[in-house]
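Me: I would like to go through this structure slowly, asking at each step what a word rests on. Could you take the terms one at a time and set each value against its cut-off?

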Amino acid sequence: MDACPAGALSSQGNDKIGHKIEINPYLCQGVGTCATACPTEAIHYALPTPQETQKFIERTLANYHQQGGENAIILICSSRHESYNAMALNALPENVIPVVVEELPSVGIDTWFAALVNGATQVLFAASRHMPETIQTVLNSEVGMAQQLLENLGLARETIDILYLESLREGLPTLVEKDLELRIGDVEGSKRERLFHSLDVLTAKQGVTDTIQPLPTTAPYGTVTCDTDKCTLCMGCVAVCPTKALYNKGDRPALDFVEQDCVQCGMCEKRAPNLHCLSLNKSTGTKNLEPKSLRFMKRKLRSV
Ligand code: SF4
Ligand code: SF4
């Protein structure tokens, strides 16, 4: 709800009947910060859809490379600031490809990483320090999250960055022009599937072997640990898990978990506070597993 600069989001309901988020259409200005901040795509842009924008970037990169272009830097620009965009493009080198969207936050972390596995050497946002504070906060937070993931992968933090147009007066930003030579084509699936697929490709490319990586406490990615001595398989955590990251197939007593689906909301931990049977871990990856299958891995937390 903090992501909306117009105050159009509100939480309805209570702990007994459950909560739901409502969007007030009279207040909503379509900025899309909620869509960027939402880790599950429960709120997403209707037109264009995130997939359409992502596919447009993938096609643009493929055409650029087919025509012999090198070191493609994607500059995501807002159609609201055309004169600023033109000023930025005049100052930047020719390998910077503008992608104009109505609102900067309408494309999220999944699209940024999908660009990197399709030959973009860097993804920049043409932002202004005059943008509403909430938009800057959300963009900074999401880019900060992306930069932590990049650092964990051994890539420069500036590979995904915000370019404040005002700063061009002082000189060019740090440009990343190291081609990872990845051209994987369409990245399909849900927001999290697309993000984790790109991360898996980058993990393999970078040869990252330490497959558990720390993340900030605010990260909507991570694992849960079950204390099997305390777990009674009551299924209380399964009942409240909103993403079905915790689940039970129903054919035998067991507690299963899909790391990729866990948004670290903490509802499972709260469900059984006296038992201390579950705890959250802000990290990505699972030790001793092949990087490619890490985040899609289904794990058994407890069974009898
Ligand atoms: S981890 Fe806790 S809440 Fe989940 S099934 Fe086991 S005892 Fe129940
Ligand atoms: S923190 Fe717990 S309840 Fe929330 S998504 Fe993860 S497993 Fe489900």
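Reply: Let us begin with Q264, which sits in the loop between β10 (254-258) and α8 (267-271); please keep in mind throughout that this is a predicted model.

Me: What makes Q264 count as buried or exposed?

Reply: The cut-off for a buried residue is 20 or more other C-beta atoms within 10 Å, and Q264 has 21 other C-beta atoms within 10 Å, so Q264 is called buried. Its phi is near 60°, a positive value in a residue other than glycine.

Me: Why is N71 called partly exposed?

Reply: A residue is partly exposed when its count falls between the limit for exposed, 12 or fewer, and the limit for buried, 20 or more. N71 has 18 other C-beta atoms within 10 Å, so N71 is partly exposed. N71 belongs to the loop between α2 and β3, and its phi, near 50°, is likewise positive in a residue other than glycine.

Me: How do you know whether α4 is enclosed or open?

Reply: Eight of the eight residues of α4 are buried, so this helix is largely enclosed by the rest of the structure. The residues in question are I109, D110, T111, W112, F113, A114, A115 and L116, and what covers them includes α2, β3, β5, α5, β6 and α6.

Me: What makes strand β1 lie largely in the open?

Reply: Strand β1 covers residues 9-14, and of these six residues the number buried is zero, so β1 lies largely in the open.

Me: Which residues touch the most other members of the largest nonpolar core?

Reply: That core has 36 residues, and those touching the most other members are I74, I76, F113, A115, A120, V123 and A126. The elements that give two or more residues to this core are α2 (50-66), β3 (72-78), α4 (109-116), β5 (120-127), α5 (133-152), β6 (160-164) and α6 (191-206). There is also a second, separate core of 12 residues, which includes V224, C226, A245 and C262.

Me: Which residues does A120 touch?

Reply: Leaving aside residues up to four places away in sequence, A120 touches L61, A72, I73, I74 and A115; a contact here needs C-beta atoms within 7 Å.

Me: Why is the protein chain called as compact as a globular protein of that length?

Reply: The chain, which has eight helices and 13 strands, has a radius of gyration of 21 Å, close to the 19 Å that the globule rule gives for 304 residues, so the chain is as compact as a globular protein of that length. Along its principal axes the C-alpha trace spans about 65 × 50 × 30 Å, and buried residues make up 33% of the 304 residues.

Me: Which residues come nearest to ligand 2, and how does its shell divide by class?

Reply: Of the 14 residues around ligand 2, the nearest are C241, C262, C265, M267 and C268, and the shell divides into 11 nonpolar, three polar and no charged residues. Ligand 1 is surrounded by 15 residues, of which C231, C234, G236, C237 and C277 are the closest, and its shell has 11 nonpolar, two polar and two charged residues.

How values were computed:
Residues numbered from 1 in each chain as written. Chains lettered and ligands numbered in written order. Predicted model: local features only at pLDDT ≥ 70, side-chain atom pairs only at ≥ 80, totals over all residues. Near = placed C-beta within 6 Å. Nonpolar A, V, L, I, M, F, W, Y, C, P; charged D, E, K, R; others polar. Helix = DSSP H or I, 4+ residues; strand = E, 2+ residues; numbered from the N terminus. Core = buried A, V, L, I, M, F, W, Y, C linked by C-beta atoms within 7 Å. Contact = placed C-beta atoms within 7 Å. Rg over C-alpha atoms; globule rule 2.2 N^0.38 Å.
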